[in-house]
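This report describes the overall architecture of a single chain and then turns to the surroundings of one of its residues.

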Amino acid sequence: LVAREPNLHKRIVYDWHGRNCLLDHFLRPGTTLNDFARAQYGEQGDFVLESYKEQECRAHDASASVTLRRNGSVWCADRRVPVTVQKKVTLSGGAWKAEYAVRNNSDRAEKLLFGVETAFLFSSPTVCGTFEKHNVKEIEFVDSWYGDLKLSCDRACTVWGFPLETVSQSEGGFEMTYQGSVALFLHEIDLLPAGELRFTLKADV
């Protein structure tokens with residue numbers, strides 16, 4: 001076997017879930033950007049692989065929306081915390097927005113690390129790159145080939161970004177091939193009993 005890049009085998013990781021838009025994560029405290037990018041972290045919730053129930057679906061002349069809800073669980077140490085995540089996703093033209101509500105259904109206050117994963121394809125991995133930004137509400141990706149993308153959140157948060165690459169075989173041997181980029185919007189939240197976090201995430205081209 002011939003590898004076109006040195007130490008290629010050290011960069012191979014196996015994601016346990018698809019990399020898609022609006023995946024909802026509850027991360028273990030102390031998780032880092034590198035942990036998340038390599039899928040080597042503790043997922044405390046059951047919202048990534050399990051299904052949401054459709055609450056409402058509407059279509060208008062120039063837009064469409066669907067409201068999804070899941071009554072799930074987040075494990076904090078040895079405790080199961082009942083949590084509801086609801087999101088109303090609206091598509092309009094070349095843009096979308098997701099209106100989130102995260103509710104603590106337990107009888108005690110909880111500290112949670114909630115992240116919304118988004119994934120996009122750019123013309124090059126350098127458009128996004130690998131980054132970690134804190135206390136931001138907006139981030140813009142400039143792509144002269146595919147068009148620019150602006151992601152915004154009405155609540156300041158941490159944003160992690162990194163490229164998605166797979167190993168493929170070419171005539172010259174095995175090499176990394178760019179497949180897209182991930183941006184995770186991460187919120188550290190303190191929720192009182194029956195407390196709720198609300199925010200809106202938008203993507204505009």
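Predicted model: local features only at pLDDT ≥ 70, side-chain atom pairs only at ≥ 80, totals over all residues.

## Fold and surroundings of a buried histidine

Read from the N terminus, the elements follow the order β-α-β-β-β-β-β-β-β-β-β. The radius of gyration of the chain is 18 Å, close to the 17 Å given by the globule rule for 205 residues, so the chain is as compact as a globular protein of that length. Along the principal axes, the C-alpha atoms fill a box of roughly 60 × 50 × 30 Å.

Of the 205 residues, 44% count as buried, and among contacts with a separation of 6 or more, 61% join residues 24 or more positions apart. The chain exposes about 11400 Å², of which carbon and sulfur atoms supply 47%. As for charge, the mean positions of the 24 positive and the 28 negative charges lie 5 Å apart.

Within strand β1, which spans residues 23-26, lies His25. Is His25 buried or exposed? With a relative accessible area of 0%, His25 is buried, because that value falls under the 20% cut-off.

| Side chain | Partner side chain | Distance |
|---|---|---|
| His25 | Tyr41 | 3.4 Å |
| His25 | Glu117 | 2.7 Å |

Leaving aside residues up to four places away in sequence, His25 also touches several others, including His17, Phe36, Glu43, Val48, Leu113, Phe114, Gly115 and Leu184.

Notes:
Residues numbered from 1 in each chain as written. Heavy atoms only, no water. Helix = DSSP H or I, 4+ residues; strand = E, 2+ residues; numbered from the N terminus. Rg over C-alpha atoms; globule rule 2.2 N^0.38 Å. Buried < 20%, exposed > 50% of the residue type's maximum accessible area, 1.4 Å probe, protein only. Contact = heavy atoms within 4.5 Å. Areas by Shrake-Rupley, 256 points an atom, 1.4 Å probe, with all protein chains shown as cover. Lys, Arg positive; Asp, Glu negative; His and termini not counted. Charge placed at Lys NZ, Arg CZ, Asp CG, Glu CD. Polar contact = N/O pair within 3.5 Å; in protein donor to acceptor, adjacent residues only side chain to side chain.
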